[in-house]
Structures are given as structure tokens and as C-alpha cells.
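Student: I would like to go through the assignments in this model and check each one against its cut-off.
Tutor: Go ahead, one label at a time.

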Amino acid sequence: LATKQKLLEQQGGATAATTYALTNIKDARDVAQQLLNNKAYIKSLSGAFAPKLTQLPIGDAYDAKQILDNLLGRSFVNEIAEMRANSPTGGAVGNVAVAEMEALSKIRAALKVGMSEKELKNQLQTYINNADRALKSIPKRYAEIYGYEGQFDDILSGTVIPSGQQVDPVMKELQRRKDAAKQGKKP
């Protein structure tokens, strides 16, 4: 009874932390998928000249680098801290989520501008596969502990943004930077 009471007390924090983690994992996976699906972006991020080309504020190379930077900038440190804070004993959803996010961080560290096209694709696909695994294992672990009543359905089904408002935040930011560059402002 005491254990059940303690779990119930932790559930609110665990639900919030899990929601936060799943949302960020899904967003990062979608960014990786966007890069992988765009042949021009893959080509412009690959090869010996890619590091120089991506610095010019024009074209596919620059756009692809901004999207890659978005992915590389996701360290999951906040999510890991939140999971640990909501699971002080080290149990609950925390251990599973932390392990999944650390795995994603390691793959992300392998992504570099100038890699071969084949290796860049392989690393992005590995990232996507690990993110998909995390999106399954984290809610599963949550369900094993607290039960599942659809708490994460919106995230997992991709309906977090209400219909009619589906704006890709990465593309929106790229457009803002392009507009700023055209006006001679610093992005």
C-alpha cells in the first residue's frame, strides 16, 4: 500500500517528464527524417567541400546545415534531468528514458558535415530507428508502472499541433533566417 501511494504521488511528475521527453524525441526524429528524405540536403552535407559550402548563407547546403544544427543542438540534458528528478529512486520510467536519450545523444555525436553520403545516411537512419524504439519503449515502461490511459496518444500519433496549424518549426526558422539575410540583418 505504501509503495502504491508513493507511485501515485510520483505519477504526475513522471507523466509530465515523459510527455516532455517523448515530444522532444519525436521532434528530433522528424528533423532527422526530414534530412534523410531530402537528397539535395544529403548531397550538400556530404563530401570534402561541404564544411565550406554550408557556411555560405544561401542554397541547399546552408539550409541543410541549419537543419543538422537543429538536430545536433538537442542534447536531451533537460529531459534526462527531469526524468531523474521525477524518479529519485532510479526506478520508474526514468531509467528506460535516460538510456534511450543517451543512446540518441551518442548517435547524434557521430553526425558531421563532410561525412560520406553513405555514412551520413546510415547515421541518420540509425538515429531514426533508435528514436522510434524510444517512442515505443518509454510509454511501454510507463504503462507497466502506472497503467496507460492514452496520456501520450497525441504525441505518438503526431497530432500534438491542432490541425490547420501544422507549421514545421525548423522550416519556419530557416525562412526567418533567409528573410533576415536578404535584408542584410544578422540571422
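Student: Why is aspartate 30 called partly exposed?
Tutor: Buried means under 20% relative accessible area, exposed over 50%, and partly exposed in between (1.4 Å probe, protein chains only). Aspartate 30 has 32% relative accessibility, so it counts as partly exposed. This is a predicted model, in which local features need pLDDT of at least 70 and side-chain atom pairs count only at pLDDT 80 or more, while totals for chains, interfaces and linings use all residues. Residues are numbered from 1 along each chain as its sequence is written, and side-chain values use heavy atoms, with hydrogens and water left out.

Student: What makes the contact of aspartate 30 with lysine 26 a salt bridge?
Tutor: The term requires a side-chain nitrogen of Lys or Arg within 4 Å of a carboxyl oxygen of Asp or Glu. The closest N and O atoms of aspartate 30 and lysine 26 are 3.4 Å apart, so the pair meets the definition. The two residues are four apart in helix 1, which means a separation of about one helical turn. Helices here are DSSP runs (H or I, at least four residues), numbered from the N terminus.

Student: Is lysine 26 buried or exposed, and how do you know?
Tutor: Its relative accessible area is 14%, so lysine 26 is buried.

Student: Which partners does arginine 29 have, and what are the N to O distances?
Tutor: Arginine 29 meets aspartate 30 at 2.9 Å and aspartate 132 at 2.8 Å. The pair with aspartate 132 links distant parts of the chain: arginine 29 lies in helix 1 and aspartate 132 in helix 7, 103 residues apart.

Student: Why do arginine 29 and aspartate 132 get their accessibility labels?
Tutor: Arginine 29 has 17% relative accessibility, so it counts as buried. Aspartate 132 has a relative accessible area of 27% and is therefore partly exposed.

Student: Which residues are linked in a network of salt bridges?
Tutor: Lys26, Arg29, Asp30 and Asp132 are linked in this way. A search of the whole structure finds seven salt bridges.

Student: How many aromatic pairs are there?
Tutor: Rings of Phe, Tyr and Trp (its six-membered ring) pair if their centres lie within 6.5 Å; planes under 30 degrees apart count as stacked, over 60 as edge-to-face and the rest as tilted. By this rule the count is one aromatic pair. The ring centres of tyrosine 142 and phenylalanine 152 are 4.9 Å apart and the planes lie at 85 degrees, so the pair is edge-to-face. Tyrosine 142 is in helix 7 (residues 117–146), and phenylalanine 152 is in the loop between helix 7 and helix 8 (153–157). Both tyrosine 142 and phenylalanine 152 are buried.

Student: Which residues touch the most other members of the largest nonpolar core?
Tutor: A nonpolar core is a set of buried Ala, Val, Leu, Ile, Met, Phe, Trp, Tyr and Cys residues joined through side-chain atoms within 4.5 Å. Of the 33 residues in the largest one, Ile25, Leu35, Leu71, Leu120, Leu124 and Tyr127 touch the most other members. The largest share, 10 residues, comes from helix 7.

Student: How many helices and strands does the chain have?
Tutor: It has nine helices and zero strands. Buried residues make up 39% of the 187 residues.

Student: Where is leucine 56, and why is it called partly exposed?
Tutor: Leucine 56 is in the loop between helix 3 (50–53) and helix 4 (59–72). Its relative accessibility is 45%, so leucine 56 counts as partly exposed.
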